[in-house]
Number of protein chains: 2
Amino acid sequence: MTQNIYDNPQFFAGYATLDRSVKGLDGAPEWPALQALLPTLHGKQIIDLGCGYGWFCRWAQENGAAHVLGVDVSEMMLNRAREMTAAPQIDYQRADLETLSLPAASLDLAYSSLALHYLLNIDGLFATLFQALKPGGRLVFSAEHPIYTAALQQGWFVDNDGQKSWPVNHYQQEGERISNWFADGVKKQHRKLATWLNALIAAGFVIEHVDEWGPSVEQVAANPGLAEEKERPMLFLLSARKPG
Amino acid sequence: MTQNIYDNPQFFAGYATLDRSVKGLDGAPEWPALQALLPTLHGKQIIDLGCGYGWFCRWAQENGAAHVLGVDVSEMMLNRAREMTAAPQIDYQRADLETLSLPAASLDLAYSSLALHYLLNIDGLFATLFQALKPGGRLVFSAEHPIYTAALQQGWFVDNDGQKSWPVNHYQQEGERISNWFADGVKKQHRKLATWLNALIAAGFVIEHVDEWGPSVEQVAANPGLAEEKERPMLFLLSARKPG
């Protein structure tokens, strides 16, 4: 089973302080770019994989979605999502994305923000989503970038000229990476960008767009702390389509 | 016009010492992986973009290709290729890949090894190749990986524990990178992996496979110098298909 770090009280409390937890979608600097990859949501059947507080579920419903299923492995996250959600078009369900089961050809859009890099088995999930999407349906997700996750010990290096660099090592060694982020021993999976792409293609998806996200000039001006995100991508956004 | 560093005598002399220059395809550790992406060549019409000494042109002809056109910007490279080539199914032509013109639906395979990262305008080349390929035709190429090209000054960093890392910076800043490799001032273009993929998709191609190449255990055992290629990808291999 996928590590359920979000039900760790220390992690949960730390995560709650993030801009993207407090402000929702508008607290995530990559949201405008991720939103740009979405199809029109009006009347659509949607799943949000790793829905957390349910910010995207509510946004999708407010933007016309017929039904949104939010799935998360963390009961604490789902409790918060349920407290914050009133619309009857939204349901929440506790499930491990590694063993998720979904009815065939029932969905127009599968969406996920920064959850899939926790999974050991993305091949299984992509096969599940492919069969659950209607022909022409989309999978749009973000995940941590392999440049960010490659090193066994992750962190900036600053040279004598003040140039910040992100050291990459062990790129070819896919698998578990341990980081200390709000709690010790947070487990994530490093896999190459090629592995993500080939897994989608093997499941039957057509790659539509890839974005190795970085901040805009305007975003850095408004939030100077984002400047370091120009040096190396921390996450990537991907849009794939089921043919037909 | 693309920089023609290969006609610089100092560069040409240095390049001639590389394993991949002396031994041809078998001197390139990524060749088995690149070969695995190729369709069957029997009876096929093929172009080799940046053909250099013509090693691939000769290999393709020996493996059944009906015709191979080798294109390069360097007259010195083409002279060497012509000296080494006897088969009448192979032609060489001097051309800048930025302004190449090809007849429509005339090719089964467009191939390129480590040449396209010299080009300023890949959008134009991909459009040219898309129209020149027959429906179902393939584009298979390798290029320097953006992890390798990102930093303004490229080179390994070794920490106190002896861990080699490849510092990444300026990843989001696409454009010219200057390196000193056999000659000073060799110009290459850094572009994100996403940019390569999106340019292919925009031209009409379907992405078939991506390989952020690294050496096998057997290759490192046979050539211990390849061990550092496990730390970060130096190049990527890509296969794309024209639908139909």
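Predicted model: local features only at pLDDT ≥ 70, side-chain atom pairs only at ≥ 80, totals over all residues.
**View 1**

**View 2. The surface through which the copies meet.** In this interface, 31 residues of chain A are in contact with 31 residues of chain B. Of the interface residues of chain A, 100% are also interface residues in chain B, so the copies meet through the same surface. About 2600 Å² is buried between the two chains, and carbon and sulfur atoms give 56% of that area. On the side of chain A, the most area is lost to chain B by Val168(A), Gln172(A) and Glu212(A), which together account for 21% of what that side buries.

**View 3. Polar contacts and elements at the interface.** Between chain A and chain B there are zero salt bridges, whereas 26 residue pairs are in polar contact across the interface, both residues being at pLDDT 80 or more. Elements of chain A that each supply at least two residues to the side touching chain B are β7 (164-168), α8 (193-203) and β10 (206-212). The largest share, six residues, comes from β10(A). Sorted by class, the side of chain A that touches chain B holds 14 nonpolar, eight polar and nine charged residues.

View 4. Four strands form an open sheet with antiparallel pairing, in the order β6(A)-β7(A)-β7(B)-β6(B). At the edges stand β6 (157-158) of chain A and β6 (157-158) of chain B, each with a single partner strand, so one side of each is left without a neighbour in the sheet.

**View 5. Pairing of β7(A) with β7(B).** β7(A) pairs with strand β7 (residues 164-168) of chain B in the antiparallel sense, over three bridges. Val168(A) has Trp166(B) as its bridge partner in β7(B). Pro167(A) stands opposite Pro167(B).

**View 6. A salt bridge within chain A.** Over all chains the count comes to 20 salt bridges, with zero between chain A and chain B. The pair shown is Glu30(A) with Arg20(A), whose closest N and O atoms are 2.7 Å apart. Arg20(A) lies in helix α2 of chain A and Glu30(A) in the loop between α2 (19-22) and α3 (31-35), so the pair ties together parts that are ten residues apart in sequence.

Note on methods: Residues numbered from 1 in each chain as written. Chains lettered and ligands numbered in written order. Heavy atoms only, no water. Contact = heavy atoms within 4.5 Å. Buried area = accessible area lost by both parts, 1.4 Å probe. Salt bridge = Lys/Arg side-chain N within 4 Å of Asp/Glu carboxyl O. Polar contact = N/O pair within 3.5 Å; in protein donor to acceptor, adjacent residues only side chain to side chain. Nonpolar A, V, L, I, M, F, W, Y, C, P; charged D, E, K, R; others polar. Pairing = 2+ DSSP bridges.
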